[in-house]
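Trainee: I have a structure open and would like to learn how to read its features one at a time. Could you take me through them slowly?

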Amino acid sequence: MTSNSRRIAVVVTAMIILCGAGVYLFLSRSTVDKNAQSFTFPNSWLGKWSGTIVQPDSPLHSWTFTMRLKENHGEIVGSYVESSLECSGILSPTFASSSKLELDEAVTAQPPSGTPWFCGGGPIQIKRTGTDRATYSWDGGVAHGVLRR
C-alpha cells in the first residue's frame, strides 16, 4: 500500500467515524425531545380554562388569561392568550398530577411597541381546587388568579 493510499484510507475512516457520531447525536437528541413528557398527563386538565389574573405591581393590574390544553399524537399541546395584555404563546407541561400542573410559558406574541408592559413567560403553577376550578400562580405568586373550565 502506498503512502497516498494510506492517507486516503485514514481520511475515509475518519469521515465514517465523524458521520456516525453525528447521526448518533442527532438521533439521541430527537429521542430526548420526544420523551420530554416523562409523566402521565391526567385527561382532567385537557380543555379550555380561563379567568382573571391579578398582578398589583403591573401597569395593567388585571387581565384575562385563557389556556387550551389538548392531546395531539400522544403529546400535550398547550396555548394561551392574555387578551388585555395582547400576548399569546405556547404552554409546555413540565409536571402534571390530578391536583397540580406546572407549565412553561413561552411568549410568541408581545404587545405593540410603546406599550408600558411586556409579557415575560416562564413557569406557571396551577393547582386544582375543584373539578372545574384551579388557582393560577406565575413567578412565585407575583401574578395570581382563579381559572375555571
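Trainee: Into which classes do the residues of the lining of the largest pocket divide?

Mentor: This is a predicted model, so everything we read here is computed from predicted coordinates. In the lining of the largest pocket there are 10 nonpolar, 4 polar and 2 charged residues. That lining is made up of 16 residues, and Gln-55, Phe-118, Cys-119, Gly-120 and Trp-138 are the ones that lie nearest the centre of the pocket. The space in this largest pocket comes to about 230 Å³.

Trainee: Which strands does strand 1 pair with, and in what sense?

Mentor: Strand 1, which covers residues 47-54, pairs with strand 2 in the antiparallel sense over 8 bridges, and one place to look is Thr-52, which stands opposite Thr-64 in strand 2. Strand 1 also pairs in the antiparallel sense with strand 8 (residues 143-148), here over 5 bridges, and in that pairing Ile-53 has Gly-145 as its bridge partner.

Trainee: Now for the aromatic rings: what describes a pair of them?

Mentor: A pair of aromatic rings is described by two values, the distance of the centres and the angle of the planes. Rings count as a pair if their centres lie within 6.5 Å, and by this rule there are 3 aromatic pairs here. In one of them, Trp-45 and Trp-49 lie 5.5 Å apart from centre to centre with 40 degrees between the planes, which is a tilted arrangement. Both Trp-45 and Trp-49 are buried.

Trainee: What is the arrangement of the rings of Phe-65 and Tyr-136, and why?

Mentor: The centres of Phe-65 and Tyr-136 are 4.8 Å apart and their planes stand at 55 degrees, so this pair is tilted; an angle over 60 degrees would be needed for edge-to-face, and one under 30 degrees for stacked. Notice also that the pair links distant parts of the chain, since Phe-65 belongs to strand 2 (residues 62-72) and Tyr-136 to strand 7 (residues 133-138), 71 residues apart. Together with Tyr-80, Phe-65 and Tyr-136 form one aromatic cluster.

Trainee: Are Phe-65 and Tyr-136 buried or exposed?

Mentor: Phe-65 counts as buried because its relative accessibility is 0%, and Tyr-136 counts as buried because its value is 3%. Across the protein, buried residues make up 28% of the 149 residues.

Trainee: Where does the charged end of Arg-128 sit?

Mentor: The charged end of Arg-128 sits over the ring of Trp-45, at 4.1 Å from the centre of that ring.

Notes
Residues are numbered from 1 along each chain as its sequence is written. This is a predicted model: local features need pLDDT of at least 70, side-chain atom pairs count only at pLDDT 80 or more; totals for chains, interfaces and linings use all residues. Side-chain values use heavy atoms; hydrogens and water are left out. Rings of Phe, Tyr and Trp (its six-membered ring) pair if their centres lie within 6.5 Å; planes under 30 degrees apart count as stacked, over 60 as edge-to-face and the rest as tilted. Buried means under 20% relative accessible area, exposed over 50%, partly exposed in between (1.4 Å probe, protein chains only). Helices (H or I, at least four residues) and strands (E, at least two) are DSSP runs, numbered from the N terminus. A charge sits over a ring if NZ of Lys or CZ of Arg is within 6 Å of the ring centre and within 35 degrees of the ring normal. On a 1 Å grid over the protein atoms alone, a cavity is a set of points where a 1.4 Å probe fits but cannot get out, and a pocket is an open set with protein on both sides within 12 Å along at least five of seven lines; lining residues have an atom within 4 Å of a point. Grid points are joined across faces, edges and corners, and a volume is the space filled by probe spheres set on the points. Ala, Val, Leu, Ile, Met, Phe, Trp, Tyr, Cys and Pro count as nonpolar, Asp, Glu, Lys and Arg as charged, and the others, Gly among them, as polar. Two strands pair if DSSP finds at least two bridges between them.
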